[in-house]
Amino acid sequence: MPRAVRFSRYGGPEVLEIAEAERPQAGHGQVVVDVVAAALNPGEIGIREGVFAAVWPARFPEGQGNDFAGRVAEVGDGATGFAPGDEVLGFAPRAAQADFVVAGPGALTAKPAGLGWAEAASIAGAGATAWAGVAAVDPRPGETVVVSAAAGGVGVITAQLAKLRGARVIGTASEGNFGFLRDLGIHPVAYGPGLAERLRAAAPQGVDAYLDTFGAGNVSTAIELGVRPARINTIADGRAVQRYGVHSAAQEQADEPEIWAELAALAAGGELTIPVAAIYPMERVREAYQDLGTRHVRGKRVLAIKPFDHEGDHR
Ligand SMILES: NC(=O)c1ccc[n+]([C@@H]2O[C@H](COP(=O)([O-])OP(=O)(O)OC[C@H]3O[C@@H](n4cnc5c(N)ncnc54)[C@H](OP(=O)(O)O)[C@@H]3O)[C@@H](O)[C@H]2O)c1
């Protein structure tokens, strides 16, 4: 039987189960994908714990995971642009961590042959989120841009996309990630108390734009540094959006196969690195979310729904 990650009550990682699931059929205009890799994102923790139950309730048994990569298994009548065996990546809300997902062609794009499965699985979530934030503040060549949590799944892509636009990028991180960020051409600064002073020292000429991927006062810091609200984006601080009128562009604002294709081409071409911190077999999904919940990482944590080759850290 095909398997799927499911949970039937709100709670910690212990509520996650590998359940038997029906193999979906491709309806009219739909494509069934045999999933190879599915990414993990912190928002999924909030949904599973019931933090967002009032706004986005779960329907038990609830599926999990959004962004994935795999091979087309079946193409329904009227679905054009894909054929069985094609390598694809895409977005299937609360369903991606499963052997099979069903998606409309508008939720898929081709995976370049040179792009790894784990990296491809991270594009429609973290990649698109990063893309949207960068587009919102529109960094220009020569400008100085700060990215908070620059070693995180979204932050590390955000920082590189800002750099690709010609900006000088300062990224906040813990000291253990300084060398990792320097290797990507990002100037590291420690987060935590005294951040504004450290950023002033790192950017004596001022900060032009601020991309917050963590919350926890980063938007206030940006305002304190004199960054205009129109040049600030946060993906993790709704209150700061209300208070300061800054942008909140995130995954939803870049939920388009054309944008995923652009990111996939950058990653396959070596212009964008999607660091993969760890890959876990699907059976170890609880451990994967426990690790994700520490909120310390270098890039993405990904589930291997099927075994695949990767030169990094397989758990
Ligand atoms: N709205 C949307 O569409 C959307 C989409 C994706 C993500 N998000 C949200 O965006 C946030 C980031 O997601 P993500 O996937 O990038 O998370 P992540 O990969 O778990 O990011 C963790 C990073 O946060 C850093 N960090 C930990 N404590 C910090 C602190 N006190 N101050 C600053 N940085 C700190 C860590 O740095 P070190 O490892 O260096 O300590 C780590 O690299 C989450 O809140 C997520 O829910 C929203």
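Me: How does the lining of the second largest pocket divide by class?
Reply: In this predicted model, the lining of the second largest pocket has 12 nonpolar, three polar and four charged residues.

Me: And which residues lie nearest its centre?
Reply: Arg6, Ala95, Ala98, Phe100 and Val101 lie nearest the centre of that pocket, out of 19 lining residues. The space in the second largest pocket comes to about 230 Å³.

Me: Which elements give two or more residues to that lining?
Reply: They are β1 (3-7) and β7 (100-103). Of the elements, β1 gives the most to the lining of the second largest pocket, with four residues.

Me: Changing topic to cavities: how many are there of 30 Å³ or more?
Reply: The count is two cavities of 30 Å³ or more. The largest cavity has a volume of about 50 Å³, and the second largest cavity holds about 40 Å³ of space.

Me: What lines the largest cavity?
Reply: Its lining consists of Phe7, Glu44, Ile47, Glu62, Gly63, Gln64, Gly65, Asn66 and Arg94. Both α1 (42-49) and β4 (62-63) supply at least two residues of this lining. By class, the lining of the largest cavity has two nonpolar, four polar and three charged residues.

Me: And the second largest cavity, which element has the largest share of its lining?
Reply: The largest share comes from α3, with three residues. At least two residues each are supplied by α3, α4 (153-164) and β12 (209-212). Among the lining residues are Thr129, Ala130, Gly133, Val154 and Asp212. The lining of the second largest cavity divides into four nonpolar, five polar and one charged.

Me: Staying with helix α3, at what angle does its axis cross that of helix α9?
Reply: The axes of helix α3 (residues 123-137) and helix α9 (residues 257-268) cross at roughly 95 degrees and come within 10 Å.

Me: Which residues make the contact?
Reply: From α3 they are Ile123, Ala124, Gly127, Ala128 and Trp131, and from α9 they are Ile259, Trp260, Glu262, Leu263 and Ala264. By class, this contact of α3 with α9 has eight nonpolar, one polar and one charged residues.

Me: One last topic: how many salt bridges does the count come to?
Reply: The count comes to 12 salt bridges. One of them joins the side chains of Asp34 and Lys306, at 2.6 Å from N to O.

Me: Where do Asp34 and Lys306 lie?
Reply: Asp34 lies in strand β3 (residues 31-39) and Lys306 in the segment after β15 (300-304), so the pair ties together parts that are 272 residues apart in sequence.

How values were computed:
Residues numbered from 1 in each chain as written. Predicted model: local features only at pLDDT ≥ 70, side-chain atom pairs only at ≥ 80, totals over all residues. Heavy atoms only, no water. Axes fitted to C-alpha atoms, helices over the stretch in contact; angles between N-to-C directions. Contact = heavy atoms within 4.5 Å. Nonpolar A, V, L, I, M, F, W, Y, C, P; charged D, E, K, R; others polar. 1 Å grid on protein atoms, 1.4 Å probe; cavity = no way out; pocket = protein on both sides within 12 Å on 5 of 7 lines; lining within 4 Å. Points joined across faces, edges and corners; volume = space filled by probe spheres on them. Salt bridge = Lys/Arg side-chain N within 4 Å of Asp/Glu carboxyl O.
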